[in-house]
Amino acid sequence: SGTVARNDDGAIEVGGIDVRDLAAEFGTPAYLLDEADFRARCRAWKAAFGPDADVFYAGKAFLSRAVVRWLHEEGLNLDVCSGTELAVALDAGMPAARIAMHGNNKSNAEIDRAVAAGVGRIVLDSFQEIVRVAAAAERHGRRQPVQIRVTVGVEAHTHEFIATAHEDQKFGLALAGGQAAEAVRRVLKLESLELIGIHSHIGSQIFDMAGFEVAARRVVSLLAEIRDEHGVQLPEIDLGGGLGIAYTADDDPAEPYQIAKSLGEIVTRECEAARLDPPRLSVEPGRAIVGPTAFTLYEVGTVKPLEGLRTYVSVDGGMSDNIRTALYDAEYTVALASRRSDAEPMLSRVVGKHCESGDIVVKDAFLPSDLAPGDLLAVPATGAYCRSMASNYNHVPRPPVVAVADGQPRVIVRRETEEDLLRLDVG
Ligand code: LLP
């Protein structure tokens, strides 16, 4: 990615601006996002999938009004997962028709809001939800387009907590045992619902296309069964998100073009075998678009060498701005950002300021042995699932997101303040 480049002074730049200037202006920790990189990735996905497919950016990875505007301008659609994500999307001007509403336990209020707004699709996740969405559509006098999320039963090769297509988990309706087919029967009977397709999401941070291949095959065979049983061919399939990005040099992600090509080929082949007209394809990448576009800038507070073990480098954030290392054992890299150093590398662990030993940002890293308090560190690839999963543990205010475009930094999500937090405490 173009986000980590050094200037002649040896300092890292984002969009042409020195991190030392950004730290001085916006403080640390901060997420620094390269808007041009974000837009380029949107365009790459859009171009790769072409006019016969839709790219829904998964807002859970990171959502803000600015992000919604960029998506809108670049022609992407948006997948939201809660009433408030929907509110951000609508408020920033995303046309409702281009929004998909997800969630395994949407409240009645969320369903009502989505139907009233006229979202392009609601992805149904349970039998109860079929009834709830139908009732909301009736109340609003609408015929609501829906997809049914199915669990295809593949084991995606990723962390257990982010795999979603094996049978023993909370999402979707299982193909095996006929739950999905039963859901189709129930939806087709309801006048207020328009069944536009079948949805599958197999997990996240996946590199191997084999899981998508199995998923596509099973979704297409369900489409063929639906045609045989009901005499209707559903027009769309959605294969979800989950495409991996490079967190370390060992990760080797595919380009959107390769992904589109291989998904397209799989769907075409399976449809030919089942003698179905190829449905319109959609995908929901979150991480693959926003993940590489940002890094977190921290300031070093203390440096503690432990004889024979490693050096603990404490920064001014931690698990409150990046829970992924603690939660998924995720791997990150780190670089000294404010200067160049030729000092000997030392085995280091970058840790946060929170009250637990699991508060680790980067498990293993080599940092220069002259590292000192006040140095700035950059942890790349924190655009996805870091700000969006940030917490206020230890009453730490959440960091801002600063987007740089055309050599200009702009705060798109401001830093929380102590006042913000104290305002919530009304006891
Ligand atoms: N579509 C659906 C239905 C999803 O559940 C998700 C992610 C996506 C799309 C987007 O997946 P992506 O392309 O970003 O991998 N918090 C975890 C990841 C959990 C993702 C949950 N669903 C993490 O930090 O790795």
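Trainee: Is Ala330 buried or exposed?
Mentor: Ala330 is buried, because 21 other C-beta atoms lie within 10 Å. A residue counts as buried when 20 or more other C-beta atoms lie within 10 Å of its own, as exposed when 12 or fewer do, and as partly exposed in between, with C-beta atoms placed from the backbone.

Trainee: What kind of model is this, and how are the residues numbered?
Mentor: This is a predicted model, in which local features need pLDDT of at least 70, side-chain atom pairs count only at pLDDT 80 or more, and totals for chains, interfaces and linings use all residues. Residues are numbered from 1 along each chain as its sequence is written.

Trainee: Where is Ala330 found?
Mentor: Ala330 belongs to the loop between H11 and strand E16 (335–336). Helices (H or I, at least four residues) and strands (E, at least two) are DSSP runs numbered from the N terminus.

Trainee: Which residues is Ala330 in contact with?
Mentor: Leaving aside neighbours within four places in sequence, Ala330 is in contact with Tyr247, Arg324 and Thr325. Contact requires C-beta atoms, placed from the backbone, to lie within 7 Å. Ala330 and Tyr247 are 83 residues apart in sequence, yet their C-alpha atoms are 8.5 Å apart in space.

Trainee: On to the ligand. Which residues come nearest?
Mentor: There are 22 residues around the ligand, and Ala58, Ser204, Gly241, Gly286 and Tyr385 come nearest. A residue is near a molecule if its C-beta atom, placed from the backbone, lies within 6 Å of it.

Trainee: Which elements give two or more residues to that shell?
Mentor: Helix H10 (287–290) and helix H11 (324–328) do. By class, the shell around the ligand has 9 nonpolar, 8 polar and 5 charged residues. Here Ala, Val, Leu, Ile, Met, Phe, Trp, Tyr, Cys and Pro count as nonpolar, Asp, Glu, Lys and Arg as charged, and the others, Gly among them, as polar.

Trainee: How many Å separate the domain centres?
Mentor: The centres of domain 1 and domain 2, taken over C-alpha atoms, are separated by 36 Å. The contact takes 8 residues from domain 1 and 7 residues from domain 2. On the side of domain 1 that touches domain 2 there are 6 nonpolar, 1 polar and 1 charged residues.

Trainee: New topic: H9. What does its geometry look like?
Mentor: Helix H9 (residues 256–274) has 19 residues and reaches 27 Å from its first C-alpha to its last. That is close to the 27 Å expected at 1.5 Å a residue, where the expected span is 1.5 Å times one less than the number of residues.

Trainee: Which residues of H9 are buried?
Mentor: Pro256, Ile259, Ala260, Leu263, Ile266, Val267 and Glu270 are buried in H9. Seen down the axis of H9, the buried residues fall within an arc of 135 degrees, so they line one face of the helix. The arc is that of the directions from the helix axis to the C-beta atoms.

Trainee: Why would residues three or four places apart point the same way?
Mentor: An α-helix has 3.6 residues a turn, so residues at that spacing point the same way.

Trainee: What covers the buried residues of H9, and what is on the face turned away?
Mentor: The cover includes helix H2 (35–49), helix H8 (210–230) and strand E13 (280–283). The face turned away from the buried side carries the exposed residues Gln258, Glu272 and Ala273. H9 is followed by Arg275, whose phi is positive, near 50 degrees.

Trainee: Which residues of H7 are buried?
Mentor: In helix H7 (residues 179–188), Ala180, Ala183 and Val184 are buried. Seen down the axis of H7, these residues fall within an arc of 105 degrees, so they line one face of the helix. Glu182 and Arg185 are exposed on the face turned away.

Trainee: Last topic, the backbone. Which peptide bond is cis?
Mentor: The bond from Thr28 to Pro29 is cis, with omega near -10 degrees. Pro29 lies in the loop between helix H1 (19–26) and strand E4 (30–34).

Trainee: What is the phi of Asp406?
Mentor: Asp406 has a positive phi of about 50 degrees although it is not a glycine. Asp406 is exposed, because 9 other C-beta atoms lie within 10 Å.

Definitions and conventions:
Two residues are in contact if their C-beta atoms, placed from the backbone, lie within 7 Å. Domain bounds come from an automatic or database domain assignment.
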